[in-house]
Amino acid sequence: MKFVIVSAPRTGSTLLAKTLNSLPGLICHGELFLPNQVRGYRDGFDPFAATEEQRKTRSANLLQLRNTDACEFLETALYRPEMAVGMKVIYNDLLQTRWRDALQWLLAAPDLQWIHLQRRNPLRRYVSERIMQSGGAIHSGMGGKAKGQIQVKVDIEAFQERCDQLDAERQRVVQTIAGRSVLDVFYEDLSADIGGTVASVCKALGIDTSPACIAPALNKVGAEDLALSVSNYAELLDNDLTRHWAHTS
C-alpha cells in the first residue's frame, strides 16, 4: 500500500509521519516536493554519521533526480518492499503546476491511500505557524524545550486572509482527490489519542496495529494556553472572528 499525507502547514504531519516511521513495516518520507529541497527522504542514510560534505552531496543528488524526472523519483521512493510506504506534502506544494505530472502519477496509482490531515481550530494553527516563523520550536524534533515560551501578536486581518488562502487550497485538493480512497484525520484527535488515531491510519493502510503499541515520536513544546502565546489575546476575545477559536482547544 502506498499513501500520501496531505495537509496545510502546522497540522501535525511531522508528528504523524515520524510516529508511522516508528512502527514496523512502515516508511513515511518527508516533504519530497519542496520548491528547492527534498526533505526527509528515507533510504537508510544517517545524516548524523555523515560529514557535512556527504550531506550536501546527497541533498544535491536527490534534488537533481527529482527535478529531472519527478515521476520516476516518486516510483523509486514509494515502490519499496515495506508493507506501506508514503510521503507527506502540504497543499501548496501539491498544487504547483511544475508538479502536474507527478500529481497525475499519484492520482493514477492503483494502490494509493490519501490521508487528509486537517486542524479544526484555525487560530491555533495560525499561532503555531507564526511562532515557527518567529524562530520558535513547535515540537521536540526542532530542539524546543517543554517550558519554552514565545509570544506572537496576531494580526486579525492577516489571520483571516491566511485562513481564506488555505481554505481555497484545501478545496482544490479535495476536488483533486475526489473519487480516490481518502481518510480524513484531524490534528485534535491525533493530539488527544495518538494511539487510536494512528491505529486507524494503519488499518486504512492494511496494517493491524494495537493502539497500546503506539507512542508519539515527538513531544509538543511551548505553552498550551493561547493567553501565554499571544500578546494581544484580549483583542482576540473581543473580536467576532477569533473569539470562538480563542476559547477552543
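This is a predicted model: local features need pLDDT of at least 70, side-chain atom pairs count only at pLDDT 80 or more; totals for chains, interfaces and linings use all residues.
Me: What makes Met87 stand out in the largest nonpolar core?

Reply: That core has 32 residues, and Met87 is among those that touch the most other members. Leu32, Phe33, Leu74, Leu94, Leu106 and Trp114 are also in that group.

Me: Which helices and strands each supply at least two residues of this core?

Reply: The strands are S1 (2-7), S3 (84-90) and S4 (112-118). The helices are H3 (70-78), H4 (91-94), H5 (100-108) and H7. A second, separate core has 23 residues, including Ile115, Leu117, Val185 and Ile214.

Me: Why is H6 called roughly perpendicular to H7?

Reply: The axes of H6 (residues 122-133) and H7 (residues 156-176) cross at roughly 105°. Angles of 65 to 115 degrees count as roughly perpendicular, so H6 is roughly perpendicular to H7. The two axes come within 11 Å.

Me: Which residues meet there?

Reply: From H6 come Pro122, Leu123, Arg125, Tyr126 and Glu129. From H7 come Ala158, Phe159, Arg162, Cys163 and Leu166. By class, this contact has seven nonpolar, no polar and three charged residues.

Me: Why is Arg10 called buried?

Reply: Arg10 has a relative accessible area of 17%. Buried means under 20%, so Arg10 is buried. Arg10 lies in the loop between S1 and helix H1 (13-21). Its phi is near 60°, a positive value in a residue other than glycine.

Technical notes:
Residues are numbered from 1 along each chain as its sequence is written. Side-chain values use heavy atoms; hydrogens and water are left out. Axes are lines fitted to C-alpha atoms, for helices over the stretch in contact, and angles run from 0 to 180 degrees between N-to-C directions. Helices (H or I, at least four residues) and strands (E, at least two) are DSSP runs, numbered from the N terminus. Angles under 35 degrees count as roughly parallel, over 145 as roughly antiparallel, 65 to 115 as roughly perpendicular and the rest as oblique. Contact means heavy atoms within 4.5 Å. Ala, Val, Leu, Ile, Met, Phe, Trp, Tyr, Cys and Pro count as nonpolar, Asp, Glu, Lys and Arg as charged, and the others, Gly among them, as polar. A nonpolar core is a set of buried Ala, Val, Leu, Ile, Met, Phe, Trp, Tyr and Cys residues joined through side-chain atoms within 4.5 Å. Buried means under 20% relative accessible area, exposed over 50%, partly exposed in between (1.4 Å probe, protein chains only).
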